[in-house]
Amino acid sequence: QVQLVESGGGLVQAGGSLRLSCAAAPSTSSFNVLGWYRQAPGNQRELVATINSGDSTNYVDSVKGRFTISRDNARNTVYLEMNSLKPEDTAVYYCYASRYRFGNNYDYWGQGTQVTVSS
């Protein structure tokens, strides 16, 4: 059964850091792509970062140089290290996973974790 459980959100001052974690079941290696999206109030959900099965990464321009996505297959966890946080990073962050099976692509989402950056 697929399950994505985020943790690590919270309140931080501008310039601070947070690390988000996403425990992925059945395993991180069972997905082609893992990633993080975010959604701020009144905005559409947007891609933040992804990492694929070959460990290639992709970031939205606004977080490049500040955020790092990584995966630990031994712990079945994907991380988002966020540094130099800005108030505009405030959003609910969602873990995302995708896998291709039986000729179809399937997308999965976690329940979300709130990140609030105060100025």
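In what order do the four strands of the open sheet stand, and is their pairing parallel or antiparallel? I put this to the model, which is a predicted one, and found that the strands run in the order β1-β3-β8-β7 with antiparallel pairing.

I then looked at the edges of this sheet, where β1 (3–7) and β7 (67–72) stand with a single partner strand each, so that one side of each has no neighbour in the sheet.

Next I turned to β3 and strand β8 (residues 77–82), and I found them paired in the antiparallel sense over six bridges. As an example of a bridge partner I looked up Leu20, and its partner in β8 is Leu80. I kept in mind that strands of a sheet pair through backbone hydrogen bonds, either parallel or antiparallel.

My last entry concerns the cysteines. I looked for sulfur atoms within 2.5 Å of each other, and by this rule the count comes to one disulfide. This disulfide joins Cys22 to Cys95, with an S to S distance of 2.1 Å. The pair links distant parts of the chain, since Cys22 lies in strand β3 (residues 18–25) and Cys95 in strand β9 (residues 91–101), 73 residues apart. I also checked the torsion about the S-S bond of Cys22 and Cys95, which is about -85°, so I recorded the disulfide as left-handed. Are Cys22 and Cys95 buried or exposed? I found both Cys22 and Cys95 to be buried.

Note on methods
Residues numbered from 1 in each chain as written. Predicted model: local features only at pLDDT ≥ 70, side-chain atom pairs only at ≥ 80, totals over all residues. Heavy atoms only, no water. Helix = DSSP H or I, 4+ residues; strand = E, 2+ residues; numbered from the N terminus. Buried < 20%, exposed > 50% of the residue type's maximum accessible area, 1.4 Å probe, protein only. Pairing = 2+ DSSP bridges.
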